[in-house]
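Hi,

Here is the structure I promised to pass on.

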Amino acid sequence: MHDLTDAWLLDIWEQGQSRGLAELGLIMLAGACPDAKLQDLAAIPAGRRDAIIFRRRERIFGPRIAGLSTCPACGTENELTFETSDILSAVDPQGEGRPGLMTLAHMGYDVKFRLPSTYDLLAAASQPSLERAYLALTDRGIINAFCRDKEIAVPDLPEKVIDAVAEMMAEQYPAADVQMKALCSSCGRQWHQSFDIIWFFWKEIESWAHRTLRDVNDLAAAFADFRRAA
């Protein structure tokens, strides 16, 4: 790493203390796009945001991502690895051609919706429960819904229709819903492990910051010992 990268990482680490994931994502995005206005960045769909953060992380720490996942059957920790290109190959680099509004016809319902942004994620994060957060996110994202020409309120939509909307959102921006295939080396159990680039990148930044501060303290202590011995 060079000095500019170190300064960027340190700035993100200082700003990100005690922040939630949605706030961390916005901090990372602002750091990666310093010339953009914060309100414009907060309106970017979450999938495109994550794609930008994937690329920033790749430039700093490289293309390989490695982590641990605990087998739900036997509790064995297994290493999971993949390349950022596995995700980014399916993402439009500039978000061009991605419609601002999308429609879904499912089970007799016609639903018009948009992709969630950081604004939406922040609103969902403020809810008292996961169920309320999920409802808030869908309520903000769905523009309208009809069944046989009758408008349907979002809370009255069937759960399967809501799930179909969420699935279509994930298909539009795979970087926002990364599912890694995992295989236990001990018992052979297979499962899908969710991967959050913001959480993972933040843990890497925290680890880097702690190592850097420890190295600085060790250097200062060594210099003090040298001065006393001189």
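**Overall build**

Of the contacts (heavy atoms within 4.5 Å) in the protein with a separation of 6 or more, 64% are between residues 24 or more positions apart. Please keep in mind that this is a predicted model, where local features need pLDDT of at least 70, side-chain atom pairs count only at pLDDT 80 or more, and totals for chains, interfaces and linings use all residues. Residues are numbered from 1 along each chain as its sequence is written, and side-chain values use heavy atoms, with hydrogens and water left out.

The protein has 9 helices and 8 strands, taken as DSSP runs (helices H or I, at least four residues; strands E, at least two) and numbered from the N terminus. Its C-alpha trace spans about 90 × 50 × 35 Å along the principal axes. Of the 230 residues, 39% are buried, meaning under 20% relative accessible area with a 1.4 Å probe and protein chains only.

**Nonpolar cores**

A nonpolar core here is a set of buried Ala, Val, Leu, Ile, Met, Phe, Trp, Tyr and Cys residues joined through side-chain atoms within 4.5 Å. The largest one has 32 residues, and Met28, Phe54, Phe195 and Ile205 have the most contacts inside it. Elements that each supply at least two residues of this core include helix H1 (3–15), H2, H4 and S2, while H9 gives the most, with 8 residues. Leaving aside residues up to four places away in sequence, Phe54 touches Ile65, Phe82, Thr84, Ile87, Leu88, Ala175, Val178, Phe195 and Ile197. There is also a second, separate core of 19 residues, with Leu104, Leu115, Val154 and Ile162 among them.

**Pockets**

A pocket is an open set of points on a 1 Å grid over the protein atoms alone, where a 1.4 Å probe fits and protein lies on both sides within 12 Å along at least five of seven lines; lining residues have an atom within 4 Å of a point. Points are joined across faces, edges and corners, and a volume is the space filled by probe spheres set on them.

The largest pocket holds about 980 Å³. It is lined by 34 residues, with Pro116, Leu121, Leu137, Ala176 and Asp177 closest to its centre. By class, 26 are nonpolar, 4 polar and 4 charged; Ala, Val, Leu, Ile, Met, Phe, Trp, Tyr, Cys and Pro count as nonpolar, Asp, Glu, Lys and Arg as charged, and the others, Gly among them, as polar.

The second largest pocket holds about 200 Å³. Its lining has 14 residues, and Leu68, Ser194, Phe195, Trp199 and Phe200 lie nearest the centre. S1 gives the most to this lining, with 5 residues.

**Two local spots**

Ser69 sits in strand S1 (residues 64–70) and is buried, with a relative accessible area of 2%. Its side chain makes polar contacts (N or O atoms within 3.5 Å, one able to donate a hydrogen and the other to accept it; residues adjacent in sequence count only if both atoms are side-chain atoms). These join Ser69 to the side chain of Trp191 at 3.4 Å and to that of Gln193 at 2.6 Å.

In H6, the buried residues are Thr118, Asp120, Ala123 and Ala124, and their cover includes H2, helix H3 (38–42), H4 and H7. At the start of H6, a side-chain oxygen of Ser117 comes within 3.3 Å of the backbone nitrogen of Tyr119.

Best wishes

Key. Buried means under 20% relative accessible area, exposed over 50%, partly exposed in between (1.4 Å probe, protein chains only).
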